[in-house]
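Please look over the sequence and the model shown here before reading on.

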Amino acid sequence: MRRGAPTRRPVAPPPGKSEHPAVRAWVRILAVHKGALAAIRDDLEHEMTLPRFDLLSNLVRADGQTLASLSRSMLVTAGNITGLVDRAARDGLVERRADPNDRRAWRVHLTPKGAQAFQRAQLRHAARVAKLFSSLSHSELASLGRMLDKVRQTLRGPEHAGVRGPRGEARRTHKGSGPTRRVLTKPEEEP
């Protein structure tokens with residue numbers, strides 16, 4: 001079974017009862033996510049894993065982050081980010097440098113080799129994502145984006161406020177066959 005794949009199929013509604021439209025939409029979102037992730041992995045993992053791609057992508061956006069800030073932005077635990085950075089450093093893609101303002105802290109920087117590797121992977125990633133959504137027109141993509149934004153706004157509502165992290169983000173922990181991932185919703189960030 002592929003990493004990250006759900007281990008169970010969604011439960012069918014009892015005979016004679018129809019599924020709620022929200023449940024049908026949710027099942028479709030999960031199916032699309034699973035298929036899209038598998039396709040992206042197939043393309044990308046010849047060069048690097050998705051977690052490594054995510055790490056380099058975060059460093060391209062903001063180089064010199066601490067492990068804690070990378071953990072928050074990548075939605076993974078501190079233990080997972082340490083191993084990921086260690087392996088990327090071993091391969092010469094990133095390097096740790098002492099923080100000039102805090103003798104106890106280290107910051108992670110992208111190396112020129114890491115930047116080149118990310119550029120190559122990013123081209124493959126963008127091409128695959130464009131292909132995955134090629135059946136939708138520009139206006140349909142825009143509509144899809146608006147609809148998903150509405151759902152994200154609902155997730156930021158008070159009924160989901162019970163699971164907040166130290167910075168006010170929604171938090172739940174998923175455990176699967178891959179690294180433990182914390183699901184955080186950052187109210188201040190937009191894609």
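Is L75 buried, partly exposed or exposed? L75 is partly exposed, because its relative accessible area is 23%, where buried means under 20% relative accessible area, exposed means over 50%, and partly exposed lies in between (1.4 Å probe, protein chains only).

## The model and its overall make-up

This is a predicted model, in which local features need pLDDT of at least 70 and side-chain atom pairs count only at pLDDT 80 or more, while totals for chains, interfaces and linings use all residues. Residues are numbered from 1 along each chain as its sequence is written, and side-chain values use heavy atoms, with hydrogens and water left out.

The secondary structure of the protein consists of six helices and four strands, where helices (H or I, at least four residues) and strands (E, at least two) are DSSP runs numbered from the N terminus. Read from the N terminus on, these elements follow the order α-α-α-α-β-β-α-α-β-β. Of the 191 residues in the protein, 26% are buried.

## Helix α3 and the residue after it

In helix α3, which covers residues 67–74, the buried residues are S69, L70, S71 and M74. Just after α3 comes L75, with a positive phi of about 60°, and this is a positive value in a residue other than glycine. L75 belongs to the loop between α3 and α4.

D54 itself is in helix α2, and it counts as partly exposed because its relative accessibility is 23%.

Two packed helices are described by the angle between their axes and the distance between the axes. The axes of helix α2 (residues 50–61) and helix α5 (residues 112–132) come within 10 Å and cross at roughly 110°. Therefore α2 is roughly perpendicular to α5. Here axes are lines fitted to C-alpha atoms, for helices over the stretch in contact, and angles run from 0 to 180 degrees between N-to-C directions; angles under 35 degrees count as roughly parallel, over 145 as roughly antiparallel, 65 to 115 as roughly perpendicular and the rest as oblique. The crossing of α2 past α5 is left-handed, a term used if the near helix is turned anticlockwise from the far one by less than a right angle, with right-handed used if clockwise.

Helix α4 spans residues 78–90 and contains I81, which counts as buried because its relative accessibility is 0%. Between I81 and L55 there are 8.5 Å in space, C-alpha to C-alpha, although the two are 26 residues apart in sequence.

## Salt bridges

A salt bridge here is a side-chain nitrogen of Lys or Arg within 4 Å of a carboxyl oxygen of Asp or Glu, and by this rule the count comes to 11 salt bridges. Among them is the one between D43 and R128, whose closest N and O atoms are 3.0 Å apart. This pair links distant parts of the chain, with D43 in helix α1 and R128 in helix α5, 85 residues apart. D43 counts as partly exposed at 22% relative accessibility, whereas R128 is buried with a relative accessible area of 19%.

The side chains of R52 and D91 also meet in a salt bridge, at 2.9 Å from N to O. Because R52 lies in helix α2 and D91 in the loop between α4 and β1 (94–99), this pair ties together parts that are 39 residues apart in sequence. R52 counts as buried at 14% relative accessibility, and D91 is partly exposed with a relative accessible area of 27%. A further salt bridge joins the side chains of E45 and R41 (3.8 Å, N to O), of which E45 counts as partly exposed at 30% relative accessibility and R41 as buried at 13%.

## A nonpolar patch on the surface

Which residues form a nonpolar patch on the surface? The patch consists of W26, I29, L30 and L148, which together have about 380 Å² of accessible area. Patches are made of residues with over 30% relative accessible area and no salt bridge, like charges being joined within 9 Å and nonpolar side chains (Val, Leu, Ile, Met, Phe, Trp, Tyr) within 5 Å, and accessible areas come from the Shrake-Rupley method with a 1.4 Å probe, for residues with only the protein chains shown counting as cover.

Helix α1 (residues 21–44) supplies the largest share of this patch, three residues. I29 is found in helix α1, and it counts as partly exposed because its relative accessibility is 42%.
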